[in-house]
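The tour goes from the core to a helix, then to charged pairs.

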Amino acid sequence: MCEPARIVHERAACGRLRLPTIRGFPKPRRPTMTHDALLPDDDNKLIAERREKLAAIRAKGVAFPNDFKPRHHAADLQGKYGEMANEELEPQAVQVAVAGRMMLKRVMGKASFATLQDGSFGKTHGRIQLFVSKDALGDEAYESFKHLDLGDILGAEGTLFKTRTGELSIKVTTLRLLTKNLRPLPDKFHGMADQEQKYRQRYADLITDEHARARFVARSKALASIRSFMVEHGFLEVETPMLHPIPGGANARPFVTHHNALDQEMFLRIAPELYLKRLVVGGFERVFEINRSFRNEGISVRHNPEFTMMEFYAAYWNYHDLMDFTEALLRHAARMATGTASLTYAGRPVELDKPFARLSVRESLVVHAGVSEAESTDATALHARLKALGEEPPAHWKLAELQFGLFEAVVEDKLWQPTFIVDYPVEVSPLARASDANPAVTERFELFITGREYANGFSELNDAEDQAARFRAQVANKEAGDDEAMYYDADFIRALEYGLPPTGGCGVGLDRLVMLLTDSPSIRDVILFPALRHEG
């Protein structure tokens, strides 16, 4: 079952303290990275000063030690001791060892404060305060601390206590520089202001933006919950090839490469569908794969050429079973990732807790496009409506295709609450089983939420002769100039000839699901390293 089909049809200077210069060492050569030339002059000066500091550290011995072992994480400490009064906490003399990046520093005579951020997650997003004093560290170590920079990675040992303001802190007895930061962090209050820079330098974005970190934690939780849900329901997780000799499983333009040893053209996977169905032929009755797929198409807020999807197949299921299961799956993922299935997206509520609506393509025109019952089955009337919208339907389109064309034009973006649309034309569903009641449409659904498609499923076509005929029609379309039409896959036809049991299959776009769960406006916000044009 391919990843949501609609995807393939859319064309788509903060104030910083000036630090003292360490003298007596040769000035480092200018960095060869061209990015430095793009930095403000003040940032370039700070980088030069930090490189001088690093040179001085190298001269004294090991610059990047690897022998400090943190025994605690900030979020865990906050969770266990954060609500405890100092009168109860301090007598316990809780010894801790933490490591992380210094995000804030306040130097005040003989005693100072710093905020350390590690990789843990909790209500404080992995931060804890350090209390650093000359009495506890000694003159030399305290002086070294004063010259540390924001962004330096430190190891600290000491005793827990609460400040007078009630903040959980560590009285530091040992402090070590583990990694020297050479580049100034983004503005500590606002983070990166440039959205494209956030995508290009995700590492810096994650350091300074707790909301970005939370998005990707939610993503991880969502995918983990989906994987466990599938396994609990008897599905076997499998891995299928990412390099295909023939691209298939979706109408999409593939990335093309060449395998030198085999001396043959290969394609990056556009969907895992045909391989997963081969496994059902082989006897694995329930399979799923959380996979990366690739489509050589446009980039937009909804599309990235490399994306994550899940496809699953179950023998003896039909598209009604798939809809029931997909609804339960998304509701479960939302609760596990966010704690609730009642969400807000772009300021509007989205209720995954309530039963999802189910409408045929024709019914959706009546409910959402103001088409009368009579018009909805009148090819001439639908043709006229499309022409009035500036669309020119192909002359060969029949009733089901005209209904689908009008649905795409006027209904799709109105489906805000979860809605399954069913009964798609055979012509746009080359891998789906035709309806016994109406051979012009297929037993197929697409799930729409917030005006976007999130899932695509159908009762699988398991008639080898019918599938071969549809492949031949796709080949004719390709020869006529359709770059997204499917190839003829002779081995898949051979697999069907062995016998595919009645099967239902579904694909879920996981990037879009995470967009919904995290209220993110762009797919780039939920992909750690989205595709971008080269810098320069």
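A nonpolar core here is a set of buried Ala, Val, Leu, Ile, Met, Phe, Trp, Tyr and Cys residues joined through side-chain atoms within 4.5 Å. Buried means under 20% relative accessible area, exposed means over 50%, and partly exposed lies in between (1.4 Å probe, protein chains only). This is a predicted model: local features need pLDDT of at least 70, side-chain atom pairs count only at pLDDT 80 or more, and totals for chains, interfaces and linings use all residues. Residues are numbered from 1 along each chain as its sequence is written, and side-chain values use heavy atoms, with hydrogens and water left out.

**Stop 1: the cores**

Select I226, M230, M310, F312 and L352. In the largest nonpolar core, which has 46 residues, these touch the most other members. Now colour helix 11 (residues 319–338), which supplies the largest share of this core, 9 residues. Helices (H or I, at least four residues) and strands (E, at least two) are DSSP runs, numbered from the N terminus.

Zoom in on I226. Which residues does I226 touch, not counting those up to four places away in sequence? They are I290, M310, L329, A333, L510 and L513. Contact means heavy atoms within 4.5 Å. Another core lies apart, with 25 residues; L130, Y142, L148 and L160 are among them.

**Stop 2: helix 16**

Select residues 464–479. Helix 16 has 16 residues and spans 22 Å from its first C-alpha to its last, close to the expected 22 Å. The expected span is 1.5 Å times one less than the number of residues.

Show the side chains of A464, Q467, A468, R470, F471 and Q474: these are the buried residues of helix 16. Look down the axis. The buried residues fall within an arc of 165°, so they line one face of helix 16. The arc is taken from the directions from the helix axis to the C-beta atoms. Turn to the face away from the buried side, and you find the exposed residues E465 and E479.

What do the buried residues of helix 16 pack against? Their partners are helix 10 (273–281), strand 16 (441–449) and helix 17 (490–498).

Check both ends. At the start of helix 16, a side-chain oxygen of D463 comes to within 3.0 Å of the backbone nitrogen of E465. After helix 16 comes G481, with a positive phi near 115°.

**Stop 3: salt bridges**

Side chains of opposite charge can pair when their charged atoms come close. A salt bridge is a side-chain nitrogen of Lys or Arg within 4 Å of a carboxyl oxygen of Asp or Glu. The whole structure has 31 salt bridges.

Select R176 and D67, whose side chains meet in a salt bridge (2.9 Å, N to O). R176 sits in strand 5 (residues 168–179), and D67 in the loop between helix 2 (41–60) and helix 3 (74–81), 109 residues apart. R176 is partly exposed at 28% relative accessibility. D67 is exposed, at 53%.

Next, select E289 and R269, a salt bridge at 3.2 Å, N to O. E289 belongs to strand 10 (residues 286–294), while R269 lies in the loop between strand 9 (264–268) and helix 10. Are these two buried or exposed? Both E289 and R269 are buried.

Then select D353 and R335, which form a salt bridge at 2.5 Å, N to O. D353 lies in the loop between strand 13 (348–351) and strand 14 (357–360) and R335 in helix 11, so the pair ties together parts 18 residues apart in sequence.

Last, select R50, K53, D149, D152 and K180. Salt bridges that share partners join them into one network.

Methods: A polar contact is a pair of N or O atoms within 3.5 Å; within protein, one must be able to donate a hydrogen and the other to accept it, and residues adjacent in sequence count only if both atoms are side-chain atoms.
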